[in-house]
Amino acid sequence: TCRQMAEYVFWLKHPDGAMPLFNDGGYNSVSAPNEILERMRADGGAASERWRDLLEILRRKLDQASGEEARSLLSRIAEIHEVMLEDPEEAIPAHLEAVDRDGTDQRALSELARLYRDLPHDTEVAIYYALSLIVTAPKTDTTFIRQKQAAQILNPLFARFPNHPGL
């Protein structure tokens, strides 16, 4: 949303003030989000570097976070990689970390499934999605639904890439 973008831009333009704002959730200092976004778009390549700076800030915050706060931070990190930096493969580790922290995180699992659907020819996305299915399979599930879904994804990949280290 425009508000989220304005928040990101504010954090990028004022890195020293980002952490206190992030901690107390006070985003009221951001005004004229469309103007800020236009300035950022005009920056061209420099904008990419500032998104990466923001990722560092979010990662530092993540080191101290847990629970819902950590899930939210990981979601934002993935969003920046996928949307702002246009590199969906780099969003995968954030989603996987969310699943690793909480195997029942449906938001992260849904995002991995969406990436798999959106990028059907991307081998790495397919592998990571299949692995997430296996890791999050309930131990009490005697039907092995998720494991079977993962096998349907991985077996054709293994036939095509028998020496792939992820298979």
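Helices here are DSSP runs of H or I with at least four residues, numbered from the N terminus, and the expected span of a helix is 1.5 Å times one less than its number of residues. Everything below comes from a predicted model, where local features need pLDDT of at least 70, side-chain atom pairs count only at pLDDT 80 or more, and totals for chains, interfaces and linings use all residues. Residues are numbered from 1 along each chain as its sequence is written, and side-chain values use heavy atoms, with hydrogens and water left out.

**View 1. Helix H6, end to end.** H6 takes in residues 88-101, and its 14 residues should span 20 Å at 1.5 Å a residue; the end C-alpha atoms sit 21 Å apart, which agrees. Look along H6 for its buried residues (under 20% relative accessible area, with a 1.4 Å probe and protein chains only; exposed is over 50%, partly exposed in between). Among them are Ala 91, Ile 92, Ala 94 and His 95.

**View 2. Leu 133 and Ile 134 in helix H8.** Leu 133 is found in H8, and so is Ile 134, with the helix covering residues 123-135. At 7% relative accessibility Leu 133 counts as buried, while Ile 134, at 38%, counts as partly exposed. Setting aside neighbours within four places in sequence, Leu 133 is in contact with Arg 146, Gln 149, Ala 150 and Ile 153; contact means heavy atoms within 4.5 Å.

View 3. Side chains of opposite charge can pair when their charged atoms come close. The rule used here is a side-chain nitrogen of Lys or Arg within 4 Å of a carboxyl oxygen of Asp or Glu, and it gives nine salt bridges. Glu 68 pairs with Arg 71, closest N and O atoms 3.1 Å apart. Both lie in H5 (residues 67-84), three residues apart, or about one turn of the helix. Glu 68 is partly exposed at 45%, and Arg 71 is partly exposed at 22%.

**View 4. Arg 114 and its two glutamates.** Glu 82 forms a salt bridge with Arg 114, with 2.7 Å between the closest N and O atoms. Glu 82 belongs to H5 and Arg 114 to H7 (residues 106-118), so this pair ties together parts 32 residues apart in sequence. Glu 111 also meets Arg 114 in a salt bridge, at 2.6 Å from N to O. Glu 111 and Arg 114 both lie in H7, three residues apart, and Glu 111 is partly exposed at 25%.

Definitions and conventions: Helix = DSSP H or I, 4+ residues; strand = E, 2+ residues; numbered from the N terminus.
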